[in-house]
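Please look over the notes below alongside the sequence and the structure. They are set out as numbered points, by topic.

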Amino acid sequence: MAVVMEADRIGRTLVRIAHELVERNRGVDEIALVGIRTRGVPMARRLAHNLLEIAGDEVPTGALDITLYRDDLMRHPVGPQPVLRRTEVSFSIDDRKILLVDDVLYTGRTIRAALDALIDFGRPRSIQLIVLVDRGHRELPIKADYVGKNLPTSLQQSVQVRLAEIDGVDEVVIEDVAFTERDIASERPA
Amino acid sequence: MSAQSGTDSTLAPERVDAVSCLRSRHLLSIEDLTPEEILLILDTSVAMKEIGTRPIKKVPTLRGKTVVNLFLEPSTRTRISFEIAEKRLSADTLNVAGGTSSLLKGETLSDTVRNIEAMVPDMIVVRHASSGACHLLLDICNARVINAGDGMHEHPTQALLDAFTIREYKPSIDGLKVVIVGDLLHSRVLRSNILLLRALGADVWVCGPPTLMVPGIDRFGVHATTSLDRAVTDADVVMLLRVQLERMHGHFLPSLREYFRLFGMTTERLRRAKPDVIIMHPGPMNRGVEISSEVADGPYSVILDQVSNGVAIRMAVLYLLAGVGVGEDQVHQ
C-alpha cells in the first residue's frame, strides 16, 4: 500500500480545480455541482466552499445515487442488490452548467450511469466532469474535464480515495489486490 | 433515523447499514423479515420516494423483468400502487383479475399459476381471498412471490408502508403507543402490523367489540381492550381498520350505527390522545362507521400519505427481491 496523495495535496488540488472551473466558465453563474455518492458528495461540498471563497457566490450542490442506473444490476444470478441511497437534487438542472464530481475515474461506467440519471432530471446546458484521480483503463468513450491527478495503474491495483467526512482521514492510496484470498478462491476451479 | 432527517441538509451523512440484502426470495409475511431487514426496506423506500418527485418518474432498474399482478380479490389501491411501482422501475407488467380470468371457467389456482409460470415471469404479486394462498404458490413456481393480501392472514406491504408513514412523523417507532381499532378478527392488516410494530419495539394496543376480538391475541405481545377511551389515552398513533362486512358470515354487530357510537373515531374521542397524534387507515374507509369525516379529513389524518408512500415501499420490495439469489439464503458481500 502506498499513499499517493496526502491531505495537503488533496486540499490544494480542490482549490486549483475550483480556480480552473471559474476560469473556464468565466465565473460561477448558472453553475451547479452534483456529487456522485459516496465520495463525490463531500468533494462537491468542498468545491462549493472553495467557489464561495474565490467568486463570492453560493453554488447549488446536489448528490446523485447512480445505483438504479448501473449496467451490472441484475446481471448476476445471485448476490444482494447494492444499497440504495438518496438522490438529492433540489434545484432545476434545466439550462444550468452541471459539474459532475466523482473521486476516481476508471472504466467510465459510473459516469455513463450518472449521465443517464442526470438527464432524467432535465436538460442541462452542459455537463462537465471533475475527478480527483484518473487511473486510466476506460471501457467507454468518457473523459474528465478537470483531473486532480493522473495516476497510471495496472488492472491488478486498486485506488482508494479516503475523505475525512466519511473515512476520518484525507488520503489517496494505491494497493495491489492481485492475490487477495478472494481472487484466488474465485479463480480456483470448482 | 427518521425519513425526514435527510431533507434538512442537502448532503446528509451516510447511514450505516446493518444489513444490505434480504435473505428470502419472497415476501409472504412480516414474520419472514428480521428487524434489520424491515429497516433496510424502509430506508430503501426513502430513496425510492424521491424518484416520484422527479420530472421523469422512471428508472431503468427492472428493465426486461416481467411482473404478473394476480389479483383474485377486489382491490383498487394495492393493485394500482404495485403497478405504478413496477412501471417506475421499468418492469413489464401484466394484470390478471379474478373476474376476467379462466378461474371463472373452473380452473384451479394451482393450474392458473402453472400456466402463468410457463410464460416465465420474474415475479408474481398475489392478492387472494384465502389465507395462505401465496404459500401454495411457492411449491409450483420459480418466480418470486409477493403477498398483496391473502384472506385474513397477512398484508406485509401495507404494514411496511404504515411503518414508513409513522417514521415520517415520529423520530422512532420504538416506544410509541400505537392503537389499532376496529374489525380485528377479519384483518390481515392487523396481523402484519402487529408483527412489524412489535419487531420495531412499539407498544401496541388493539381495541374492538368482543365479537370481533381475536382470541389469544395477547400472545403477540399486545394489550387488548374493548374500551376505546382507554386505548386512545396518550396514543401516538391511531390506526383504524375497516369493518369488513363481506367477510362477516353471521351476526357480529347489532348495527353500524351502534358500532360508530362505541368504536368510531371522532374529534371528541381523539382529545385523549397525544397532541401530535396521527390517524391512519389502510382504506377503503367507511365514513360514519369506523371514522367520522371530520377526523378522516382533519389535521391529524395521514391517510393519503399512506397511499403515496405505498408506491415507494413497493418499489423497494421489488428492487430488493429482484437481487436475491436463485438459491435460498444467499448472503454474499
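1. Ser90(B) lies in the loop that runs between helix H3 (77-88) and strand S2 (92-97) of chain B. The model is a predicted one, and in it the phi of Ser90(B) is near 70 degrees, which is a positive value in a residue other than glycine. Most residues other than glycine have a negative phi.

2. Asp95(A) sits in the loop between strand S3 (61-64) and strand S4 (97-105) of chain A. Is Asp95(A) buried or exposed? Asp95(A) counts as exposed, because it has 11 C-beta neighbours inside 10 Å and the limit for that class is 12 or fewer.

3. Most peptide bonds are trans. In chain A, Arg37(A) and Thr38(A) are joined by a cis peptide bond with omega about 10 degrees. Thr38(A) belongs to the loop between strand S2 (31-36) and H2 of chain A. In chain B, a cis peptide bond links Gly283(B) to Pro284(B), with omega about -10 degrees. Pro284(B) is placed in the loop between strand S9 (278-280) and helix H11 (293-296) of chain B.

4. Next is a helix pair in chain A. Helix H1 (residues 7-25) and helix H2 (residues 40-55) of chain A have axes that come within 9 Å and cross at roughly 60 degrees. H1(A) is therefore oblique to H2(A). The contact involves Leu14(A), Val15(A), Ile17(A), Ala18(A), His19(A) and Val22(A) on the H1(A) side. On the H2(A) side, the residues in contact include Met43(A), Arg46(A), Leu47(A), Asn50(A) and Leu51(A). The crossing of H1(A) and H2(A) is right-handed.

5. The last point concerns helix H12 (residues 303-322) of chain B. H12(B) has 20 residues and reaches 29 Å from its first C-alpha to its last, close to the 28 Å expected at 1.5 Å a residue. Where is the kink in H12(B) centred? The kink, of about 30 degrees, is centred on Asn309(B). Of the 20 residues of H12(B), 16 are buried, so this helix is largely enclosed by the rest of the structure.

Definitions and conventions: Residues are numbered from 1 along each chain as its sequence is written. Chains are lettered from A and ligands numbered from 1 in the order in which they are written. This is a predicted model: local features need pLDDT of at least 70, side-chain atom pairs count only at pLDDT 80 or more; totals for chains, interfaces and linings use all residues. Helices (H or I, at least four residues) and strands (E, at least two) are DSSP runs, numbered from the N terminus. The expected span of a helix is 1.5 Å times one less than its number of residues. The bend at a residue is the angle between axes fitted to the seven residues ending there and the seven starting there. Axes are lines fitted to C-alpha atoms, for helices over the stretch in contact, and angles run from 0 to 180 degrees between N-to-C directions. Angles under 35 degrees count as roughly parallel, over 145 as roughly antiparallel, 65 to 115 as roughly perpendicular and the rest as oblique. A crossing is left-handed if the near helix is turned anticlockwise from the far one by less than a right angle, and right-handed if clockwise. Two residues are in contact if their C-beta atoms, placed from the backbone, lie within 7 Å.
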